[in-house]
Amino acid sequence: MTTRPTWLRTPAGTPRRISFGADYNPEQWPRDVWTEDVRLMQEAGVDVVSVGIFSWAHLQPAADRWTFGWLDDVLDLLHDGGIGVDLATATASPPPWLTTAHPEVLPVTRDGAVLTQGARQHWRPTSPVFRRYALALTEKLAQRYADHPALVAWHVNNELGCHNVHDYSDDAAAAFRAWLARRYGDVEALNHAWGTAFWSQRYGSFDEVLPPRRAASHPNPGQQLDFARFSSDALRDHLVAEREVLRRHTPDVPVTTNFMVMGETRGMDYASWASEVDLVANDHYVHPGPQARDELSFSASLTGGLAGGLPWFLMEHSTSAVNWQPVNVAKRPGEMARDSLAHVAHGADAVCFFQWRQSSAGAEKYHSGMVPHAGSRSRLFRDVVSLGRDLRALDAVAGSHRVTAPVAILFDWESWWASELDSHPTDRLRYRAEALDWWTALVDAGVRADVVPAGADLSPYAMVLAPVLHVVPQRLADRLDAYVRGGGHLVTTYFSGIVDDAERVWLGGYPGAFRDLLGIRVEEFGPLPDGETLPISTGGSGSVWSEPVDVIAADVEVLARYAAPGVLEGPAVTWRPVGRGSAAYVSTRLDAAGRGPVLAGLLERAGVVSELPEHLRGCVELTRRRGDGGDFWFLLSRSGETLDLGGVEGTVLLGGPDLAAGGVAVVRR
Ligand code: GAL
């Protein structure tokens with residue numbers, strides 16, 4: 001068995017460093033700009049750029065014409081400048097000649113509208129025609145550049161699924177049927193799983209099944225969940241198909257693709273993709289709001305979870321404003337560096353941006369870049385150069401792994417998809433927001449957490465928080481049961497343990513999959529109308545959801561009660577010792593004032609204490625990495641004041657001894 005590379009291919013003896021760079025789109029610029037680009041990249045300390053992402057039309061201007069000369073020159077120029085290339089397969093955006101000749105590659109929406117050419121990513125993940133053209137291009141690139149010394153990694157396509165994850169075309173229908181036939185074997189198994197006895201939906205054969213296109217009322221939930229799974233798998237198949245071509249030509253060059261672990265981007269189950277790439281890469285854009293920086297950390301931690309704690313590649317973020325939010329707020333001085341270093345804190349060994357030079361035309365011309373419209377004589381470019389210097393101060397961090405936290409937050413894409421389906425008790429439930437609020441509460445308490453996919457090894461964690469873990473197949477219930485009996489402390493919440501992986505309810509009282517473990521039983525959900533909150537005995541209140549919880553085991557302790565006389569006064573939070581561990585349940589969506597005390601009590605019972613000196617708890621977020629270069633503490637300020645880092649022993653590599661408001665300090669212990 002050959003071992004796969006896990007990081008960039010660089011000449012033997014090149015010391016590992018935190019890489020720095022961007023997407024580089026030279027085809028948008030005349031050649032004299034290329035020379036200036038390389039000079040400025042050197043000035044900024046850039047050592048890697050992603051090239052060719054949207055270059056298909058420039059590499060293959062017609063079906064039978066290939067024009068690689070310009071790309072040869074770009075790669076040579078970059079190599080001469082000491083800059084490595086993460087070379088894209090260029091398949092993200094098919095050129096107009098292709099979609100004109102083959103309109104059957106265009107994706108179709110749920111309503112039957114065809115998504116036309118003229119933007120980007122207008123291709124069906126399941127189109128055999130698109131696949132043929134994409135693999136031919138991949139093959140040409142792999143042949144031509146396999147031995148180019150600039151090549152450090154392959155970049156498959158780009159943000160697979162950003163715009164085309166859910167395609168309802170006839171190609172998708174055919175592929176969905178084949179996927180279902182593989183999953184269920186015979187159609188009666190599908191009928192059972194989807195509960196098609198309901199509303200006369202019984203299928204006589206797989207040929208009758210369609211994607212959940214726009215229908216007269218709620219489409220079958222099992223069909224919707226399977227279509228979500230299928231859609232994610234179809235894109236993963238595309239990733240694997242391109243990857244296989246690349247591996248045939250360059251077995252020693254790592255293959256990656258940029259994930260989108262951020263915000264509400266939800267179509268791809270990256271837990272099932274991560275093992276298909278040699279190194280995990282992610283794109284992250286800050287969404288403004290009070291939890292913007294906690295969300296960044298949450299996403300970065302989950303990316304680290306997908307990478308199994310190994311270093312990963314931040315492929316894109318922004319130096320300042322983006323162009324696709326309703327109002328595109330510019331980053332304030334210091335924010336670009338802070339965001340970059342926060343990703344490093346969570347395991348990124350490369351800090352890259354979209355894009356190197358801000359475009360002068362096209363839909364992204366108002367999206368910031370490393371070289372803004374103002375040119376290199378700008379505050380932004382000076383900040384870029386300064387960030388490049390900061391990263392050099394962290395070279396010893398490169399290659400280090402994350403140090404497992406005391407607490408894990410389980411993140412499960414299937415539960416995300418299923419818990420927010422239509423036809424549910426409420427459409428106000430937000431899976432990711434609930435998980436993020438627990439993250440914020442943990443950081444407020446000064447406690448480190450790792451966000452991990454549901455399949456991760458949980459044994460190293462003292463506490464596992466599994467918010468809205470809605471889809472629970474028997475094997476997951478068994479794993480969590482074993483975790484608890486072996487000494488783990490599990491905390492789960494409302495709408496968890498409700499359905500199996502066919503989206504069929506676990507009967508006998510909620511939460512069916514965890515009822516016996518938790519020692520509680522719920523007969524009816526109590527979703528709350530907008531604006532209605534229920535006070536909690538330990539402080540704060542719950543919204544969105546409530547439940548009349550019955551305690552069914554003698555050893556269950558009620559940690560908090562609803563305090564709404566005449567409405568609900570039963571248990572709101574329960575805790576039960578089980579085996580060598582415990583299982584706790586939170587039956588409502590707590591506000592911050594409610595979550596803090598509840599979490600404090602649960603942490604105490606799990607024996608989890610903050611690693612931070614008391615005066616820093618909540619004011620900074622702590623992350624830890626460890627490797628040959630040392631044991632590193634990253635302290636990310638969440639405060640508007642300068643903080644004294646007294647009590648944190650070690651050598652300050654960056655940002656100390658006083659931690660600036662909103663800044664980042666790195667200490668080697
Ligand atoms: C990503 C994409 C880039 C660029 C960027 C803008 O979705 O990969 O090509 O569009 O967003 O924020």
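A residue is called buried when its relative accessible area is under 20%, exposed when over 50%, and partly exposed in between (1.4 Å probe, protein chains only). The model shown here is predicted, so local features need pLDDT of at least 70 and side-chain atom pairs count only at pLDDT 80 or more, while totals for chains, interfaces and linings use all residues. Residues are numbered from 1 along each chain as its sequence is written, and side-chain values use heavy atoms, with hydrogens and water left out.

**View 1. Y24 in its strand.** Y24 belongs to strand β1, residues 19–24 (strands are DSSP runs of E with at least two residues, numbered from the N terminus). Because its relative accessible area is 2%, Y24 counts as buried.

**View 2. The contacts of Y24.** Leaving aside residues up to four places away in sequence, Y24 touches several residues, among them W34, M41, V74, L78 and W356 (contact means heavy atoms within 4.5 Å). The side chain of Y24 also makes a polar contact of 2.7 Å with the side chain of D37; such a contact is a pair of N or O atoms within 3.5 Å, and within protein one must be able to donate a hydrogen and the other to accept it, residues adjacent in sequence counting only if both atoms are side-chain atoms.

View 3. The residues around the ligand include F54, N158, D283, Y285 and H367 (a residue is near a molecule if one of its heavy atoms lies within 4 Å of it). An oxygen atom of the ligand lies 2.9 Å from a polar side-chain atom of R120, and a side-chain N or O atom of E316 is 2.7 Å from an oxygen atom of the ligand.

Terms used
Helix = DSSP H or I, 4+ residues; strand = E, 2+ residues; numbered from the N terminus.
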